[in-house]
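Me: Hi! I'd like to go through this structure with you, a bit at a time. Shall we start with how some of the helices pack?

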Amino acid sequence: MVYTPPEERYSEMVYNRCGNSGLKLPALSLGLWHNFGGVDSFENGRLLVRKAFDAGITHFDLANNYGPPPGSAEETFGRILKSDLAPYRDELIVSTKAGYRMWPGPYGERGSRKSMLASLDQSLKRLGLEYVDIFYSHRFDAETPLEETMQALDHAVRQGKALYVGISNYGAEQTKRAVDILKSLGTPCLIHQMHYSMYERRPEQGLQQTLAEEGVGSIAYSPLARGLLTDRYLRSIPADSRAAGGSVFLNASDITEEKLDKSRKLNRMAEERGQSLAQMAIAWVLREGRVTSALVGASKTEQLDDVIGSLRKPNFTQDELERIERILSGEDGGA
């Protein structure tokens, strides 16, 4: 059956301007870091992408090494593009990244011009696209002059293989330098992808201020702390969870009693607000326009339904924000 998205798909999604650019991103974007690899069900991934687009999520975020195996998430999304989304290409924002290890030898990782541009060519082949909308430097590389990495991003735009460029996992000072170099080249930095959640606050220590001053947008990955800010781990570690499966990104030792206690208190507060914990956690990341988009993952369509609900109650009172700070700092001793 031919896929046809609903005509009203843009009616409820919120779209935020990305920094000083003319591009708007949905407040929620779908990340393909997990659940879209060659080891995962293609049909389930297809359902997730359709569900997201049906809800007005237009931004799909990838990287060269997403899988497993590395590269297979791009291949999966390329198949979905061909089968379902090709007629809607101009309604989509597709992003990918280069920087982490992808192939053997000295050119398969980091930020050299050789590695970055070769990786982009490989990504485009896997995706079946002539260009991506956003091409990122996935990480700062101290072994490569920053000018070389930024020149590679600039060249990708001038080649017509990327419309915009961004950086990810750069510190505040590194970001300022990267932004200045890109500005001098005539290809402004559109966006910074950062690890940000109630349990990961480092972007508040200078990075967010730098982005605001420079007019650069931001997108937060792992806004749910890899599941710790959902109801998934409030009682125990489910047998089918990432933590139980020996994931390198989350294991049982990461789920401390201290964090569980905080999550339970946050969950009670979310219930008082008429939200799930996940909905409140995403609304908090997006509060006061600090972040352009929250990058969410999902293994089931029901999870997407839940996080989309975060947009229905986005605001917090000052008392609520202060209460969250007390919980996170351990000062709230309430039951």
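Reply: Happy to! Helices here are DSSP runs of H or I with at least four residues, strands are runs of E with at least two, and both are numbered from the N terminus.

Me: What angle do helix 5 and helix 6 pack at, and how far apart are their axes?
Reply: The angle is about 20 degrees and the axes are 9 Å apart, with helix 6 covering residues 207-214. Axes are lines fitted to C-alpha atoms, for helices over the stretch in contact, and angles run from 0 to 180 degrees between N-to-C directions.

Me: Which residues make the contact?
Reply: Helix 5 brings Ala172, Thr175, Lys176, Val179, Asp180 and Lys183, while helix 6 brings Leu207, Thr210, Leu211 and Glu214. Contact means heavy atoms within 4.5 Å. By class, the contact of helix 5 with helix 6 has four nonpolar, two polar and four charged residues. For those classes, Ala, Val, Leu, Ile, Met, Phe, Trp, Tyr, Cys and Pro are nonpolar, Asp, Glu, Lys and Arg are charged, and the others, Gly among them, are polar.

Me: Before I go on, what sort of model is this?
Reply: It is a predicted model, where local features need pLDDT of at least 70 and side-chain atom pairs count only at pLDDT 80 or more, while totals for chains, interfaces and linings use all residues. Residues are numbered from 1 along each chain as its sequence is written, and side-chain values use heavy atoms, with hydrogens and water left out.

Me: Okay, what about helix 3 and helix 4, at what angle do they cross?
Reply: They cross at roughly 30 degrees, and their axes come within 8 Å. That makes helix 3 and helix 4 roughly parallel to each other too.

Me: Who meets whom there?
Reply: From helix 3, Arg113, Met116, Leu117 and Leu120 meet Glu148, Thr149, Gln151, Ala152, Leu153, His155 and Ala156 of helix 4. The contact of helix 3 with helix 4 splits into six nonpolar, three polar and two charged residues.

Me: New topic: is helix 2 mostly covered or mostly open?
Reply: Mostly covered, as ten of its 14 residues are buried. Buried means under 20% relative accessible area, exposed means over 50%, and partly exposed lies in between (1.4 Å probe, protein chains only).

Me: What covers those buried residues of helix 2?
Reply: The cover includes helix 1 (42-54), strand 4, strand 5 and helix 3. Among the buried residues are Phe77, Ile80, Leu81 and Leu85.

Me: Now the loops. Where are the cis peptide bonds?
Reply: One joins glycine 67 and proline 68, with omega about -5 degrees. Another joins proline 68 and proline 69, with omega about -10 degrees. Proline 68 lies in the loop between strand 4 (59-61) and helix 2 (72-85), and proline 69 is in the loop between strand 4 and helix 2 as well.

Me: And which residues have a positive phi without being glycine?
Reply: Arginine 110 is one of them, with phi near 70 degrees. Arginine 110 sits in the loop between strand 5 (93-98) and helix 3 (113-127). Asparagine 169 has a positive phi of about 65 degrees, and its place is the loop between strand 7 (162-168) and helix 5 (172-185).

Me: How exposed is asparagine 169?
Reply: Asparagine 169 is partly exposed, because its relative accessible area is 27%. Arginine 110 counts as partly exposed at 26%.

Definitions and conventions:
Angles under 35 degrees count as roughly parallel, over 145 as roughly antiparallel, 65 to 115 as roughly perpendicular and the rest as oblique.
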